[in-house]
Every structure is written in structure tokens, then in C-alpha cells.
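Colleague: Could you walk me through this one slowly, as I am still new to reading structures?

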Amino acid sequence: MVVSFIPTRFISKQKIHAFPSPLLALSCTKGKGEGKRATSFYHKLLGIKDKHVDVWNIEKYSNKWLIELHTKVKKQKCPFCKERTKRIYSYRKQSIQGPILSNTPVKIIVKKRRYLCTYCPHTFYERLQMVDIYQRCTNSVQTSALTYSAVGFFTLVARLTGISTNRLIRLFDRHQLFYVPI
Ligand SMILES: [Zn+2]
């Protein structure tokens, strides 16, 4: 039996591969049924409603979770000529902020596709429900932050959701407030 001793200061610098739940581990080893259930579990956990998004990899670091998502090829409607296309032009990795799970921030890397329209010469990125174009955090995090902002201080909400205070104020200012007369 070999017993190895690794000082704690080295462990914190190492990349730790771990599954937060046995469900994802199952998805890598078992059949399609378990894989689908694991994907559905992580979709709910991260607030993802796009069904063609798969959880590709999960890594645990000392200060964050890093989750890599891939999308499946899907027929897209060209935003310029409204024709449909499946022709892939290129890929891009978009880094976005996810929710805070057990006091640990989640960083999400989405591998997005850029499609080429075969009817007009335009290219365009696929649209996802989970994150808007040019946004740096998921829509579910934004919704939570806006909901908390209605009852709490910006600094506290920023701390709870992992968004910076300035970004939260900008987000709050962009949304119109509706008043219900009492
Ligand atoms: Zn087109």
C-alpha cells in the first residue's frame, strides 16, 4: 500500500476534477437515460431552459466551479433573410457568470456556434435563452438579482449573486419599473 502525502498549500493550487453530484458521473458511465436525467438536473440547477445545451465538463477549483457547456447543431433562422440553415461557420467560447452554489461562484463557458446562411452571405451566432448576446451572466442570475434588488441593498444583492455593484445598478436602470396602485 502506498500512502502519499501532499501538503495543503499544493492542493489549493491544483485543478481538482470532481462531480458535484453522482448523477453527472453516472451520465459519463451509464446509458442515455441516466445521462438525460443528469443533464436535466444541471439545467435546473443553473437555470438553463435551452434543451440543445449539454453539460460537457465540470471542474472544481479552490475558489470556483467551472462548467463547460456545448450546444448541439440545430436548424437556425437567419436573422437577415429569415431562411433556415444548419451550415456551421465557426465556433466561439463565451465566458459567463452563473449562480453561486454553496457560497462558491460558478463560471460557465459556452461553446457557441456561428452559422453561415446559404441564402445570403451573412453569418450569425446562435441565440440561447440562458444568456443574451453580449451579456456576461445568465438570465436567471439577472432575474434573481433584480428580484432581490426590490427588497435589499445593491451592495448586499451584488454580494449574494456575484454581480458587481456597478453592473447591478446598470442592470436595474435598464429595466422599467411597473407600479401597481394600491
Ligand atoms: Zn440569410
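Colleague: What about α4 and α6, at what angle do their axes cross?

Modeller: The axes of α4 and α6 cross at roughly 85 degrees and come within 10 Å, which makes α4 roughly perpendicular to α6. On the α4 side the contact involves Gln142, Ala145, Leu146 and Ser149, while α6 brings Leu168, Leu171 and Phe172. The classes here are 5 nonpolar, 2 polar and no charged residues.

Colleague: Let me step back to the whole chain: how many helices and strands are there?

Modeller: The chain has 6 helices and 7 strands, and if you read along the sequence, they follow the pattern α-α-α-β-β-β-β-β-β-β-α-α-α. Of the 182 residues in the chain, 18% are buried. If you take the contacts between residues at least 6 apart in sequence, 50% of them join residues that are at least 24 apart.

Colleague: What does the pLDDT come to for the chain?

Modeller: The average pLDDT of the chain is 77, and 78% of the residues score at least 70. Over residues 1-23, however, the pLDDT is below 50, and this stretch has 16 contacts in the model beyond near neighbours in sequence. Residues 25-30 also have a pLDDT below 50, with 7 contacts in the model beyond near neighbours in sequence.

Colleague: How should I read the coordinates where pLDDT is low?

Modeller: Where pLDDT is low, the predicted coordinates should not be read in detail.

Colleague: Moving to the strands, how do β1 and β2 run?

Modeller: Strand β1, residues 53-60, and strand β2, residues 65-71, run antiparallel and are joined by 7 bridges. They form a hairpin, with 4 residues between them. To find one of these bridges in the structure, look at Asp54, whose bridge partner in β2 is His70.

Colleague: In which sense do β2 and β6 pair?

Modeller: With strand β6, residues 104-116, β2 pairs in the parallel sense over 6 bridges. Here you can look for Leu66, whose bridge partner in β6 is Lys107.

Colleague: What is Met130 in contact with?

Modeller: If we leave aside its neighbours within four places in sequence, Met130 is in contact with Gly47, Ile48, Lys49, Asp50, Val53, Thr138 and Asn139.

Colleague: Where is Lys82, and what is its phi?

Modeller: Lys82 is found in the loop between β3, residues 76-77, and β4, residues 84-85, and its phi is near 70 degrees, a positive value in a residue other than glycine. Lys82 is exposed, with 10 other C-beta atoms within 10 Å.

Colleague: And what is the phi of Ser102?

Modeller: For Ser102 phi is near 50 degrees, again a positive value in a residue other than glycine. Ser102 has its place in the loop between β5, residues 88-101, and β6, and it is exposed, with 6 other C-beta atoms within 10 Å.

Colleague: Last one: what does Lys77 touch?

Modeller: Not counting residues up to four places away in sequence, Lys77 touches Lys82 and Arg84. Lys77 lies in strand β3 and is partly exposed, with 14 other C-beta atoms within 10 Å. Lys77 and Glu126 are 49 residues apart in sequence, and 9.0 Å apart in space from C-alpha to C-alpha.

Conventions:
Residues numbered from 1 in each chain as written. Predicted model: local features only at pLDDT ≥ 70, side-chain atom pairs only at ≥ 80, totals over all residues. Helix = DSSP H or I, 4+ residues; strand = E, 2+ residues; numbered from the N terminus. Buried ≥ 20, exposed ≤ 12 C-beta atoms within 10 Å, placed from the backbone. Contact = placed C-beta atoms within 7 Å. pLDDT = per-residue confidence, 0-100. Pairing = 2+ DSSP bridges. Axes fitted to C-alpha atoms, helices over the stretch in contact; angles between N-to-C directions. Parallel < 35°, antiparallel > 145°, perpendicular 65-115°, else oblique. Nonpolar A, V, L, I, M, F, W, Y, C, P; charged D, E, K, R; others polar.
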